[in-house]
Amino acid sequence: MNLSEIFARNVKLRLTAVNLTKTDLANMTNVSRNTITNLTSGKSKMARFESIDEIAKALKCEPQQLFDENTNWTIYKWANKYQRGRNND
């Protein structure tokens with residue numbers, strides 16, 4: 001799997017984990033819906049660092065996690081739920 005495919009897979013998994021759509025992600029960032037679609041297709045060969053940073057912030061993760069083939073998003077989904085519960089205390 002190449003880096004573009006890893007990034008695409010991780011963004012899609014993270015969108016699911018935080019219960020967002022690509023449109024939601026576009027609305028939360030300065031990244032167009034078309035660019036997000038291209039990035040999540042795994043076929044895009046270019047991305048601006050600013051876009052990656054904005055996407056990571058919106059997805060509540062670190063940019064490098066989006067390029068890590070071994071990121072376990074299940075743990076992060078649990079951690080997000082736990083943090084939300086603790087913030088309500």
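Which residue just after α4 takes a positive phi? The residue is K60, and its phi is about 55°. Before I go further, a word on the source: this is a predicted model, in which local features need pLDDT of at least 70 and side-chain atom pairs count only at pLDDT 80 or more, while totals for chains, interfaces and linings use all residues. Residues are numbered from 1 along each chain as its sequence is written, and side-chain values use heavy atoms, with hydrogens and water left out.

Let me turn to the overall architecture. The protein chain contains five helices and zero strands, where helices (H or I, at least four residues) and strands (E, at least two) are DSSP runs numbered from the N terminus. The order of elements from the N terminus is accordingly written α-α-α-α-α. Of its 89 residues, 35% count as buried; buried means under 20% relative accessible area, exposed over 50%, and partly exposed in between, with a 1.4 Å probe and protein chains only. The chain exposes about 6,000 Å², of which carbon and sulfur atoms supply 50%; these areas come from the Shrake-Rupley method with a 1.4 Å probe, and for residues only the protein chains shown count as cover. Among contacts (heavy atoms within 4.5 Å) between residues at least 6 apart in sequence, 62% join residues at least 24 apart.

I come now to helix α4, residues 49-58. Its buried residues are S51, I52, I55, A56 and A58. Seen down the axis of α4, these residues fall within an arc of 165°, so they line one face of the helix; the arc is that of the directions from the helix axis to the C-beta atoms. F49 and K57, on the other side of α4, are exposed. The cover over the buried residues includes α1 (3-17), α2 (22-28) and α3 (33-39).

The next topic is the core. A nonpolar core is a set of buried Ala, Val, Leu, Ile, Met, Phe, Trp, Tyr and Cys residues joined through side-chain atoms within 4.5 Å. The largest one has 16 residues, and those with the most contacts inside it are F7, V11, L25, I55, L59 and L66. Each of α1, α2, α3 and α4 supplies at least two residues of this core, and α4 gives the most, with four. Leaving aside residues up to four places away in sequence, F7 touches L39, I52, L66 and F67.

Three further residues of helix α1 deserve attention. L15 is found in this helix and counts as buried, at 5% relative accessibility. Beyond its neighbours within four places in sequence, L15 is in contact with L20, T21, K22, L25 and L59. This returns us to K60: its C-alpha atom is separated from that of L15 by 10.0 Å, although the two residues are 45 apart along the chain.

A polar atom of its side chain lies 3.1 Å from the backbone oxygen of L66, and the side chain reaches the backbone oxygen of D68 at 2.9 Å. A polar contact here is a pair of N or O atoms within 3.5 Å; within protein, one must be able to donate a hydrogen and the other to accept it, and residues adjacent in sequence count only if both atoms are side-chain atoms.

Finally, S4 lies in α1 and counts as buried at 17% relative accessibility. Its side chain reaches the backbone oxygen of S44 at 2.7 Å.
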